[in-house]
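Welcome! Have a look at the protein below, and then read on for a short tour of some of its local features.

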Amino acid sequence: MSEQDAKLASLMNRLNEPSTSSAHAGSAHAQDDDEDIFAELEAEIENDSSAAFREHGMEQLKREMEQLQQKKSDGHGQYREVTDEKEVIRLSAHKPRCVVHFFHHKFKRCEIMDKHLSVRALLNPSTRLVLTRCSLDPQRIAPKYFNTLFIRVFVENVPWLVERLGIKVLPCVITFVNGVSKDRIVGFEELGNTDQFDTATLEWKLLNSGVIEKDDSSGPAVNYGAKPAVRQHIRGRPQDDDSDFDLDD
């Protein structure tokens, strides 16, 4: 990579930093942030001594800005509910990386999964009590990985997908990479088989599936050393019969 290419790549990375991309995504404040960083990068490019760099840099900056706005329009940097089945199919099929949480309103474990994925998830009092006993990453996962789309889907809104994907137990989190299903997390068995699992355990599972990518700007390194049993997929002790929600019941 030439010196000019490296400089341009560095500028584009600043445009896509999680702190800029996902903070207040979808809000007027986010729009102002985007315009400010765009103006700052535009000025740096225009003040460069190389005419070729200025021309190429402005073209690249405009393309990156268009892609950033499209991602935000689709919900990147957020954790939102999608109610239309065709839209769920479109997003999971066409996004390079997509995480879909299939949930039911009546099930506490789905609420717990929501809270690990997004700080803005609404919880009932009993779920809040459970979460006081586990380690929650204050950033949560969805806003931390802007390049991955995170959505939640109420199972009763997507009956064809539920049957097609063979979803029987909730919560069910399915990861898609380039339109292909790569992994699924069913219940909490692979998260330590406990309601008090740590956000880092879920994050590790998603990293392993390739649906999220760790970089230096996404925050501190994820530490999984304290729970090797989870990493080795050792099953925990049996839970109560109603610990996971069976759609067939």
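The buried residues of helix α6 are Arg109, Cys110, Glu111, Ile112, Met113, Asp114, Lys115, His116 and Leu117. Buried here means under 20% relative accessible area, while exposed means over 50% and partly exposed lies in between (1.4 Å probe, protein chains only). This is a predicted model, in which local features need pLDDT of at least 70, side-chain atom pairs count only at pLDDT 80 or more, and totals for chains, interfaces and linings use all residues. Residues are numbered from 1 along each chain as its sequence is written, and side-chain values use heavy atoms, with hydrogens and water left out.

**Helix α6**
- Helix α6 spans residues 108-117 and is mostly covered, with 9 of its 10 residues buried.
- Helices (H or I, at least four residues) and strands (E, at least two) are DSSP runs, numbered from the N terminus.

**A cis peptide bond**
- Leu170 and Pro171 are joined by a cis peptide bond, with omega at about 0 degrees.
- You can find Pro171 in the loop between β4 (169-170) and β5 (172-177).

**Two asparagines with positive phi**
- Asn178 is not a glycine, yet its phi is positive, at about 55 degrees.
- Look for Asn178 in the loop between β5 and β6 (180-186).
- Asn178 counts as exposed, at 58% relative accessibility.
- Asn193 also is not a glycine and has a positive phi, of about 60 degrees.
- Asn193 lies in the loop between β6 and α9 (199-209).
- With a relative accessible area of 11%, Asn193 is buried.
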